[in-house]
Amino acid sequence: MNLKDKFLRFMQGRYGIDSFSRFLTTFGLILLLVSILFRLPFLNLLGVLSVIYCYVRMFSKNTQKRFAENQKFLQLTNKIRTTFQREASLMSQRKTHHIYTCPSCKQKIRIPRGRGKIEISCPKCHTKFIRKS
């Protein structure tokens, strides 16, 4: 039996890594880096405690409680995550589309690139305006 099999056997029935654990690890490492750069010992303590709590969650056998903690974290960060996902989607669409804002109702409208000057009709308020695609 090799080391990987032993680790997999050890982790059976344990919670493992989730979104909240990734956040705790990243947050703890950032706090540790900032505490080293600015010599702030209280941030060092918070960073170490954050990483330790992440490992406690990872090796926990109380999966229901860890799942509930992760769901609460996802609920609290839902608006932030959806905003970043929306902006990332818009950035990837900018290669193939222009994204204009309606002058009257501020609705975002996606128009394919390379069509020349076109008249755009807003689907929300039906205002017409001319833009270059």
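The questions below concern aromatic rings in a predicted model.

Local features need pLDDT of at least 70 and side-chain atom pairs count only at pLDDT 80 or more, while totals for chains, interfaces and linings use all residues. Residues are numbered from 1 along each chain as its sequence is written, and side-chain values use heavy atoms, with hydrogens and water left out.

User: How many aromatic pairs does the structure hold?
Analyst: Rings of Phe, Tyr and Trp (its six-membered ring) pair if their centres lie within 6.5 Å; planes under 30 degrees apart count as stacked, over 60 as edge-to-face and the rest as tilted. The number of aromatic pairs in the structure is five.

User: Is the pair of Phe10 and Phe59 stacked or edge-to-face?
Analyst: The ring centres of Phe10 and Phe59 are 5.7 Å apart. Their planes stand at 65 degrees, so the pair is edge-to-face.

User: Is Phe10 buried or partly exposed?
Analyst: Buried means under 20% relative accessible area, exposed over 50%, and partly exposed in between (1.4 Å probe, protein chains only). Phe10 has 40% relative accessibility, so this residue counts as partly exposed.

User: Which residue lies over the face of Phe10?
Analyst: A charge sits over a ring if NZ of Lys or CZ of Arg is within 6 Å of the ring centre and within 35 degrees of the ring normal. At 4.1 Å from the ring centre of Phe10, the residue over the face is Arg14.

User: Which residues are linked into a cluster by ring pairs?
Analyst: Phe23 and Phe27 are four residues apart in helix α2 (residues 19-38), so about one helical turn separates them. The cluster linked by ring pairs consists of Phe20, Phe23, Phe27 and Phe73.

Note on methods
Helices (H or I, at least four residues) and strands (E, at least two) are DSSP runs, numbered from the N terminus.
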